[in-house]
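Trainee: I have a model open and would like to work through it. Can we take it one question at a time?

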Amino acid sequence: FFPSLFHSNDEEKSQKQDERKIYFDRILADVPCSGDGTMRKNAIIWNDWTLNGGLGLHSLQYQIAFRGINMLKPGGRMVYSTCSLNPIENEAVVAQLLRVSDGGMKLVDAHGILNNLKAIRGMLSWRVMSKDREWIESYDKVPENMKRKLHASMFPPSAAEAKEFHLEYCMRLLPHLQDTGGFFVAILERTNKPFPAARKRLEKAANAMKVEKTAEKGKEEKKEKETGKENEKDGGKKKPVGAGGDDPFQQLDPKRADLIAEFYGLPKEETRSSLFQRSEIGKRISLLNPAVADIVRNPENSRLRVIHSGLRAFELTQSFPRDTYTRDRITQDGVLSLVNVMKKRKVEIDVRDVLSLFADTTVAIEKFVDVELKENLAKMESGSILLVLRDKGNIVSKEKVAIAAWKTPRNISIMCAPTERQAYKYAIAEGYPQLKIDATKAPNKTNPGLLKKSNPNKEGEEKEKKEPVKGTE
């Protein structure tokens with residue numbers, strides 16, 4: 001299960017570990033389930049479905065969800081969800097969470113949060129069927145030989161509990177209501193009341209994790225031995241570091257980080273502490289905010305396996321000349337996080353030149369209409385740059401519109417996906433109606449975005465040429 005995380009104690013060495021423990025505002029527990037709600041798109045489930053699916057997963061679902069609510073801070077919320085319609089996987093798990101928390105958790109009415117989402121309310125009662133296909137009304141009627149499979153938590157709450165739990169606040173999304181799959185959603189909120197005997201339950205879960213970890217370690221050792229034998233057969237060939245997703249998510253090499261900071265005019269210390277990569281030969285560099293970077297760096301959080309974190313801010317490029325200061329180019333994913341802190345390699349661009357780049361992703365510098373842009377580009381050496389739309393008054397967007405690009409001595413090439421270019425084009429068309437941009441067509445060489453008049457008026461055309469475009473002076 002998800003391990004406990006701690007803030008680092010670099011600043012306060014005497015601070016106790018329990019006081020540095022991290023609790024969350026929001027958690028999503030989309031737990032493993034039988035998937036019977038997906039039968040419309042995954043017809044094979046009709047052949048594979050058995051009663052044991054929901055019965056076998058109930059305990060695991062509860063343990064994951066229980067771990068989740070123990071990581072919430074007071075007022076924090078956890079969404080518990082499945083793609084199953086089986087109440088044993090849904091309302092039964094939620095009811096058990098509310099039962100053991102004894103007022104430490106409460107259900108939030110999920111209905112009405114999304115006005116157009118159609119769903120029915122959660123179930124208040126249900127029956128449990130044994131693997132012998134016999135209905136059992138309550139746990140006290142479960143035969144002794146079945147109690148290892150059928151737990152008390154699978155059965156519906158008592159009348160008093162049902163009134164207290166408000167299971168009707170849960171949401172059941174039925175496929176026929178809005179032509180969707182089947183889903184279950186419950187929103188649980190932590191109150192200020194502490195959980196009873198929470199420590200004992202957590203210790204039990206921790207012991208279970210230790211057993212699981214020991215078993216996994218044994219499997220890994222066995223796998224390593226088998227891999228070693230295979231390597232001997234293959235002449236000792238090994239998988240190169242960085243070739244898979246098992247490499248540690250680690251801080252970027254300081255020398256490489258310093259090159260990036262110097263080239264783009266970024267704060268040196270902040271850049272060192274916030275840039276991470278998957279492996280030493282990895283191409284992608286992720287930008288993490290300080291709080292997340294602190295968690296990833298802290299050796300106390302070594303049990304945390306980071307699959308992905310932060311924004312893909314830079315990427316090593318192989319296709320451009322090697323004589324540039326750094327070959328780590330800016331990616332479009334990271335521009336909004338970088339545009340306000342970069343002091344170098346950032347130039348303003350006229351909206352008409354942006355449209356030219358959208359039409360033909362590579363444009364000769366001499367063809368730009370903006371004289372100031374040409375002068376600024378002439379002073380820059382080759383490499384990655386940020387083009388920032390000259391948008392006075394935030395006509396196009398409240399945030400800066402920035403586009404990742406690559407500069408050569410003669411040309412500018414933008415590194416922006418077609419879908420992003422089209423989205424920017426829609427925003428520009430709305431902000432600058434006087435340009436008469438046809439935003440319904442994708443930008444290309446023959447259609448850079450400007451519409452010609454069907455009956456042009458020469459005087460009107462001359463007037464348009466003389467009048468500066470709003471926000472581009």
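Trainee: What percentage of the residues of the protein count as buried?

Mentor: First, the basis: this is a predicted model, where local features need pLDDT of at least 70, side-chain atom pairs count only at pLDDT 80 or more, and totals for chains, interfaces and linings use all residues. Residues are numbered from 1 along each chain as its sequence is written, and side-chain values use heavy atoms, with hydrogens and water left out. Buried means under 20% relative accessible area, exposed over 50%, and partly exposed in between (1.4 Å probe, protein chains only). Of the 473 residues, the buried share is 42%.

Trainee: How many helices and strands are there in the protein?

Mentor: Both are DSSP runs, numbered from the N terminus: helices are H or I with at least four residues, strands are E with at least two. The protein has 14 helices and 18 strands.

Trainee: What share of the contacts with a separation of 6 or more is between residues 24 or more positions apart?

Mentor: Contact means heavy atoms within 4.5 Å. Among contacts with a separation of 6 or more, residues 24 or more positions apart account for 68%.

Trainee: Is strand S8 largely enclosed or exposed?

Mentor: S8 covers residues 183-190. Six of its eight residues are buried, so the rest of the structure leaves S8 largely enclosed.

Trainee: Which strand pairs with S8 over six bridges?

Mentor: Two strands pair if DSSP finds at least two bridges between them. S3 (residues 105-108) has four bridges to S8, antiparallel. S7 (residues 171-173) has three, also antiparallel. The six antiparallel bridges to S8 belong to S2, residues 72-82.

Trainee: Which residue in S8 is the bridge partner of methionine 78?

Mentor: Take the other pairs along S8 as landmarks. Arginine 172 has phenylalanine 184 as its bridge partner. Valine 108 stands opposite isoleucine 187. For methionine 78, the partner is leucine 188.

Trainee: Where does serine 84 lie, and is it buried or exposed?

Mentor: Serine 84 sits in the loop between S2 and H3. Its relative accessible area is 0%, so serine 84 is buried.

Trainee: Which side chains make polar contacts with the side chain of serine 84?

Mentor: A polar contact is a pair of N or O atoms within 3.5 Å; within protein, one must be able to donate a hydrogen and the other to accept it, and residues adjacent in sequence count only if both atoms are side-chain atoms. Beyond four places in sequence, serine 84 touches residues including Cys33, Gly182 and Phe184. Its side-chain polar contacts are at 3.2 Å with aspartate 36, and at 3.0 Å with glutamate 89.

Trainee: Which residues does serine 101 contact, leaving aside neighbours within four places in sequence?

Mentor: Serine 101 lies in helix H3, residues 91-101. At 1% relative accessibility, serine 101 is buried. Its C-alpha is 9.8 Å from that of threonine 191, 90 residues away in sequence. The contacts of serine 101 are Pro194, Phe195 and Pro196.

Trainee: How many salt bridges does the structure hold?

Mentor: Side chains of opposite charge can pair when their charged atoms come close. A salt bridge is a side-chain nitrogen of Lys or Arg within 4 Å of a carboxyl oxygen of Asp or Glu. One network links Arg284, Arg312, Glu315, Arg329 and Asp333. The total for the structure is 22.

Trainee: How many residues apart in sequence are the parts tied together by glutamate 348 and arginine 390?

Mentor: The closest N and O atoms of this salt bridge are 3.3 Å apart. Glutamate 348 lies in strand S14 (residues 346-349) and arginine 390 in the loop between S16 and S17, so the pair ties together parts separated in sequence by 42 residues.
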